[in-house]
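Subject: Structure for your review

Dear colleague,

Please find the structure below. My notes on it follow, and I would welcome your comments.

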Amino acid sequence: MNYEELLVTADKAGLKVREKTLSEQNGLIRGRRIAIRKNLTTQTEKSCVLAEELGHYHTTVGDILDQTDVSNRKQERTARLWAYDKQIGLSGLVKCFEERCRNEYEMAECLGVTEEFFHDALECYRQKYGICVSYGYYDIYFEPTLIIHKKSKEEELLSNI
(Lines give C-alpha, C1' and ligand atoms only; values in the text may rest on other atoms or scores of the structure.)
Protein backbone atom coordinates (compact mmCIF):
# COMPACT_ATOMS: atom_id res chain seq x y z
CA MET A 1 0.00 0.00 0.00
CA ASN A 2 1.24 3.48 -0.73
CA TYR A 3 1.36 6.28 1.85
CA GLU A 4 -2.03 7.73 0.92
CA GLU A 5 -3.70 4.31 1.13
CA LEU A 6 -2.13 3.70 4.53
CA LEU A 7 -3.36 7.11 5.71
CA VAL A 8 -6.90 6.07 4.72
CA THR A 9 -6.43 2.75 6.55
CA ALA A 10 -5.27 4.61 9.66
CA ASP A 11 -8.20 7.02 9.44
CA LYS A 12 -10.69 4.14 9.16
CA ALA A 13 -9.17 2.67 12.33
CA GLY A 14 -9.72 6.00 14.09
CA LEU A 15 -6.04 6.92 14.17
CA LYS A 16 -4.68 10.42 13.68
CA VAL A 17 -1.46 10.63 11.65
CA ARG A 18 0.65 13.78 11.69
CA GLU A 19 4.06 14.60 10.29
CA LYS A 20 6.19 15.98 13.10
CA THR A 21 9.78 16.87 13.94
CA LEU A 22 11.11 13.75 15.64
CA SER A 23 14.63 13.60 17.02
CA GLU A 24 15.26 9.87 17.37
CA GLN A 25 12.66 7.70 15.62
CA ASN A 26 11.17 7.89 12.15
CA GLY A 27 7.77 7.09 13.62
CA LEU A 28 6.07 6.92 16.97
CA ILE A 29 2.64 5.84 18.16
CA ARG A 30 0.96 6.88 21.39
CA GLY A 31 -2.59 5.77 21.90
CA ARG A 32 -4.47 6.62 18.72
CA ARG A 33 -1.94 9.18 17.47
CA ILE A 34 0.89 8.40 15.06
CA ALA A 35 3.77 10.78 14.37
CA ILE A 36 5.83 10.37 11.21
CA ARG A 37 9.18 12.15 10.87
CA LYS A 38 8.52 15.29 8.90
CA ASN A 39 11.80 15.35 6.98
CA LEU A 40 11.60 11.87 5.44
CA THR A 41 12.33 12.55 1.79
CA THR A 42 10.02 10.18 -0.08
CA GLN A 43 6.48 8.90 0.13
CA THR A 44 7.97 5.40 -0.04
CA GLU A 45 9.94 5.98 3.17
CA LYS A 46 6.85 7.40 4.84
CA SER A 47 4.75 4.41 3.79
CA CYS A 48 7.26 1.97 5.30
CA VAL A 49 7.34 3.89 8.58
CA LEU A 50 3.54 4.26 8.71
CA ALA A 51 3.08 0.53 8.00
CA GLU A 52 5.32 -0.28 10.97
CA GLU A 53 3.48 2.14 13.25
CA LEU A 54 0.19 0.55 12.18
CA GLY A 55 1.80 -2.77 13.05
CA HIS A 56 2.46 -1.43 16.53
CA TYR A 57 -1.15 -0.32 16.81
CA HIS A 58 -2.40 -3.79 15.90
CA THR A 59 0.14 -5.89 17.82
CA THR A 60 1.91 -3.96 20.60
CA VAL A 61 0.89 -3.50 24.21
CA GLY A 62 2.38 -0.70 26.32
CA ASP A 63 5.54 1.36 25.93
CA ILE A 64 8.25 -0.70 24.19
CA LEU A 65 10.85 2.03 23.61
CA ASP A 66 13.33 0.30 25.94
CA GLN A 67 14.78 -2.26 23.52
CA THR A 68 17.06 -3.75 26.16
CA ASP A 69 13.95 -5.60 27.43
CA VAL A 70 13.52 -8.95 25.63
CA SER A 71 9.72 -8.68 25.71
CA ASN A 72 9.89 -5.26 24.03
CA ARG A 73 12.20 -6.60 21.30
CA LYS A 74 9.75 -9.42 20.62
CA GLN A 75 6.89 -6.94 20.31
CA GLU A 76 9.01 -4.80 17.96
CA ARG A 77 9.66 -7.83 15.74
CA THR A 78 5.95 -8.72 15.72
CA ALA A 79 5.02 -5.18 14.66
CA ARG A 80 7.63 -5.21 11.91
CA LEU A 81 6.45 -8.60 10.67
CA TRP A 82 2.92 -7.17 10.50
CA ALA A 83 4.25 -4.28 8.39
CA TYR A 84 6.27 -6.58 6.13
CA ASP A 85 3.21 -8.75 5.54
CA LYS A 86 1.07 -5.68 4.86
CA GLN A 87 3.52 -4.15 2.40
CA ILE A 88 5.13 -7.25 0.86
CA GLY A 89 3.99 -10.68 2.02
CA LEU A 90 4.57 -13.91 0.14
CA SER A 91 2.11 -12.70 -2.49
CA GLY A 92 4.34 -9.68 -3.12
CA LEU A 93 7.37 -11.90 -3.65
CA VAL A 94 5.39 -13.92 -6.20
CA LYS A 95 4.29 -10.67 -7.87
CA CYS A 96 7.96 -9.69 -8.24
CA PHE A 97 8.67 -13.08 -9.81
CA GLU A 98 5.77 -12.67 -12.25
CA GLU A 99 6.92 -9.12 -13.06
CA ARG A 100 10.37 -10.57 -13.79
CA CYS A 101 12.20 -8.41 -11.25
CA ARG A 102 15.89 -9.28 -11.27
CA ASN A 103 17.23 -7.91 -8.01
CA GLU A 104 16.24 -6.45 -4.64
CA TYR A 105 16.19 -2.90 -6.02
CA GLU A 106 13.67 -3.85 -8.72
CA MET A 107 11.60 -5.86 -6.24
CA ALA A 108 11.45 -2.97 -3.76
CA GLU A 109 10.51 -0.62 -6.58
CA CYS A 110 7.79 -3.02 -7.80
CA LEU A 111 6.28 -3.23 -4.31
CA GLY A 112 6.63 0.45 -3.40
CA VAL A 113 8.96 -0.06 -0.44
CA THR A 114 12.50 1.01 0.30
CA GLU A 115 15.38 -1.37 -0.40
CA GLU A 116 16.21 -1.44 3.32
CA PHE A 117 12.61 -2.35 4.22
CA PHE A 118 12.59 -5.07 1.55
CA HIS A 119 15.94 -6.48 2.67
CA ASP A 120 14.84 -6.50 6.33
CA ALA A 121 11.58 -8.22 5.35
CA LEU A 122 13.50 -11.00 3.59
CA GLU A 123 15.62 -11.54 6.70
CA CYS A 124 12.50 -11.67 8.86
CA TYR A 125 10.89 -14.15 6.45
CA ARG A 126 14.07 -16.31 6.58
CA GLN A 127 13.73 -16.43 10.35
CA LYS A 128 9.99 -17.15 10.20
CA TYR A 129 9.84 -19.70 7.37
CA GLY A 130 13.34 -21.17 7.31
CA ILE A 131 14.97 -22.21 4.06
CA CYS A 132 11.80 -22.59 1.99
CA VAL A 133 8.04 -22.09 2.07
CA SER A 134 5.33 -23.17 -0.37
CA TYR A 135 2.82 -20.55 -1.40
CA GLY A 136 0.15 -21.65 -3.85
CA TYR A 137 1.85 -22.88 -7.01
CA TYR A 138 5.21 -21.48 -5.88
CA ASP A 139 8.14 -22.53 -3.74
CA ILE A 140 9.95 -19.56 -2.24
CA TYR A 141 13.53 -20.23 -1.14
CA PHE A 142 15.23 -17.80 1.22
CA GLU A 143 18.61 -19.52 1.30
CA PRO A 144 21.22 -19.35 -0.04
CA THR A 145 19.50 -16.43 -1.79
CA LEU A 146 15.95 -15.52 -2.75
CA ILE A 147 14.71 -17.93 -5.42
CA ILE A 148 11.10 -18.32 -6.49
CA HIS A 149 10.13 -21.47 -8.36
CA LYS A 150 6.77 -21.93 -10.06
CA LYS A 151 5.69 -25.55 -9.74
CA SER A 152 4.66 -27.51 -12.81
CA LYS A 153 1.23 -29.15 -12.81
CA GLU A 154 2.92 -32.49 -12.19
CA GLU A 155 4.85 -31.14 -9.21
CA GLU A 156 1.66 -29.66 -7.77
CA LEU A 157 -0.20 -32.95 -8.16
CA LEU A 158 2.63 -34.87 -6.48
CA SER A 159 2.80 -32.44 -3.55
CA ASN A 160 -0.91 -33.00 -2.85
CA ILE A 161 -0.51 -36.79 -2.49
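Which residues does Ile-140 touch, not counting residues up to four places away in sequence? Ile-140 touches Leu-90, Leu-93, Val-94, Ile-131, Cys-132, Val-133, Tyr-135, Leu-146, Ile-147 and Ile-148, where contact means heavy atoms within 4.5 Å.

Please note that this is a predicted model, in which local features need pLDDT of at least 70 and side-chain atom pairs count only at pLDDT 80 or more, while totals for chains, interfaces and linings use all residues. Residues are numbered from 1 along each chain as its sequence is written, and side-chain values use heavy atoms, with hydrogens and water left out.

Nonpolar core

Ile-140 is also among the residues that touch the most other members of the largest nonpolar core, together with Ile-88, Leu-93, Phe-118, Phe-142 and Leu-146. This core has 38 residues; a nonpolar core is a set of buried (under 20% relative accessible area, 1.4 Å probe, protein chains only) Ala, Val, Leu, Ile, Met, Phe, Trp, Tyr and Cys residues joined through side-chain atoms within 4.5 Å. Two or more residues come from each of helix H1 (3–12), strand E3 (33–37), H2, H3, helix H4 (89–98), helix H5 (104–111), helix H6 (115–129) and strand E5 (138–141). Helices (H or I, at least four residues) and strands (E, at least two) are DSSP runs, numbered from the N terminus. H6 gives the most to this core, with six residues.

Helix packing

H1 and H2 pack at an angle of about 25 degrees, with their axes 8 Å apart; axes are lines fitted to C-alpha atoms, for helices over the stretch in contact, and angles run from 0 to 180 degrees between N-to-C directions. H1 is therefore roughly parallel to H2, a term for angles under 35 degrees. The residues of their contact divide into seven nonpolar, two polar and two charged (Ala, Val, Leu, Ile, Met, Phe, Trp, Tyr, Cys and Pro count as nonpolar, Asp, Glu, Lys and Arg as charged, and the others, Gly among them, as polar).

Helix H2 (residues 43–59) also packs with helix H3 (residues 70–87), at an angle of about 125 degrees and with the axes 8 Å apart. These two helices are therefore oblique to each other, the class left after roughly parallel, roughly antiparallel (over 145) and roughly perpendicular (65 to 115). Their contact has five nonpolar, eight polar and three charged residues.

A glycine in H4

Gly-92 lies in helix H4 and is buried, with a relative accessible area of 5%. Gly-92 and Ala-108 are 16 residues apart in sequence and 9.8 Å apart in space, C-alpha to C-alpha.

Yours sincerely

Terms used:
Buried < 20%, exposed > 50% of the residue type's maximum accessible area, 1.4 Å probe, protein only.
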